Amino acid sequence: TNNDGSDKKKVLNVGTEATFAPFEFMDKGEMTGFDVDLLNALAKEAGYEVKMENTGWDAMFAGLQSEQLDIGIAGITMDEDRKKTYDFSSPYFESISMIVFKEGTDIQNAEDLKGKKVGVQNGTTGQFSAEAVVGKNSSDISKYETAALMFQALQSKNVEAVVTDIAVALEYEKNNPDSGVQTAVDENQFKSEYYGIAFPKGSELRDEFDQALVTLFENGKYEEIYKKWFNN
Ligand code: ARG
């Protein structure tokens with residue numbers, strides 16, 4: 001029960017960037033995806049209601065810092081920098097950068113990005129991966145606010161390749177069979193990353209959600225959600 005004696009559950013404000021299929025994206029006006037299902041299951045387990053909003057990537061982080069948001073979930077890689085500013089759950093998904101390019105472009109590995117026009121989502125590990133190859137302030141890198149705009153730039157040939165997370169790259173390839181895109185991985189250059197759910201520093205929710213995550217790993221619910229989005 002709450003302070004007012006009611007049994008209404010507390011509503012948590014959750015931010016995301018919902019152009020990142022299959023993790024979070026809009027389908028007929030509804031937000032859906034792996035992260036959405038996972039967060040809903042976690043909230044249910046932990047005894048909360050959630051209000052998920054497509055805040056966008058930068059505003060999600062800003063909202064966590066100002067504590068206007070309680071949670072951020074957006075396929076967020078837990079890197080050292082972000083860990084300084086936010087608290088994270090345990091890892092819930094493994095990823096690595098992948099290169100997506102139009103058929104006919106000569107790209108086999110990360111080195112081949114050099115001298116090419118590369119698109120990334122601004123402020124993501126895809127950007128950092130690309131920069132590690134072509135240089136941090138390279139004018140060959142174009143940064144887009146959303147993953148959707150990044151992919152549009154590839155289709156309209158404003159860039160020759162994009163660098164994004166592997167599951168998102170493969171989903172894009174699958175959903176756009178006629179677009180003539182190919183993918184390349186380079187495990188010598190790009191390293192494994194792990195997604196975590198982000199909380200404001202010091203948030204008490206972190207432990208509650210982490211406990212719920214352990215439960216979903218153990219009771220098969222995580223696997224069920226995983227299979228729904230990745231085994232078809
Ligand atoms: N995992 C990458 C990162 O944290 C990309 C995440 C982008 N997420 C999104 N919903 N657009 O930098």
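Q: What is the order of the strands in the open sheet of 3 strands?
A: This is a predicted model, where local features need pLDDT of at least 70, side-chain atom pairs count only at pLDDT 80 or more, and totals for chains, interfaces and linings use all residues. Residues are numbered from 1 along each chain as its sequence is written. Strands (E, at least two residues) and helices (H or I, at least four) are DSSP runs, numbered from the N terminus. The pairing in this open sheet is antiparallel, and the order is 2-3-4.

Q: Which residue is the bridge partner of F20 in strand 3?
A: Strand 2 and strand 3 (residues 24-27) pair in the antiparallel sense. There are 2 bridges between them. In strand 3, F20 has as its bridge partner E24.

Q: Where does the ligand lie relative to domain 1 and domain 2?
A: Domain bounds come from an automatic or database domain assignment. That assignment gives domain 1 (11-93 + 194-230) and domain 2 (97-184). Both domains give residues to the shell around the ligand, so the ligand lies between them.

Q: Which residues come nearest the ligand?
A: A residue is near a molecule if its C-beta atom, placed from the backbone, lies within 6 Å of it. The shell divides into 5 nonpolar, 6 polar and 3 charged residues. Ala, Val, Leu, Ile, Met, Phe, Trp, Tyr, Cys and Pro count as nonpolar, Asp, Glu, Lys and Arg as charged, and the others, Gly among them, as polar. Of the 14 residues around the ligand, the nearest are E17, F20, A74, T77 and T124.

Q: Which elements give two or more residues to the side of domain 1 that touches domain 2?
A: The C-alpha centres of the two domains lie 25 Å apart. Their contact (C-beta atoms, placed from the backbone, within 7 Å) takes 11 residues from domain 1 and 11 residues from domain 2. On the domain 1 side, the elements are strand 2 (19-20) and helix 2 (57-65).

Q: Which residues touch the most other members of the largest nonpolar core?
A: A nonpolar core is a set of buried Ala, Val, Leu, Ile, Met, Phe, Trp, Tyr and Cys residues joined through C-beta atoms within 7 Å. This core holds 65 residues. Helix 1 (residues 34-46) supplies the largest share, 6 residues. The members with the most such contacts are L39, V100, V118 and V162.

Q: Which residue of strand 12 is the bridge partner of G119?
A: Strand 9 (residues 97-102) pairs with strand 12 in the antiparallel sense over 5 bridges. Strand 10 (residues 118-121) runs parallel to strand 12, joined by 2 bridges. The partner of G119 is V162.

Q: Is E218 buried or exposed?
A: E218 is in helix 7 (residues 205-219). Within 10 Å there are 9 other C-beta atoms, so E218 is exposed.

Technical notes
Buried ≥ 20, exposed ≤ 12 C-beta atoms within 10 Å, placed from the backbone. Pairing = 2+ DSSP bridges. Contact = placed C-beta atoms within 7 Å.
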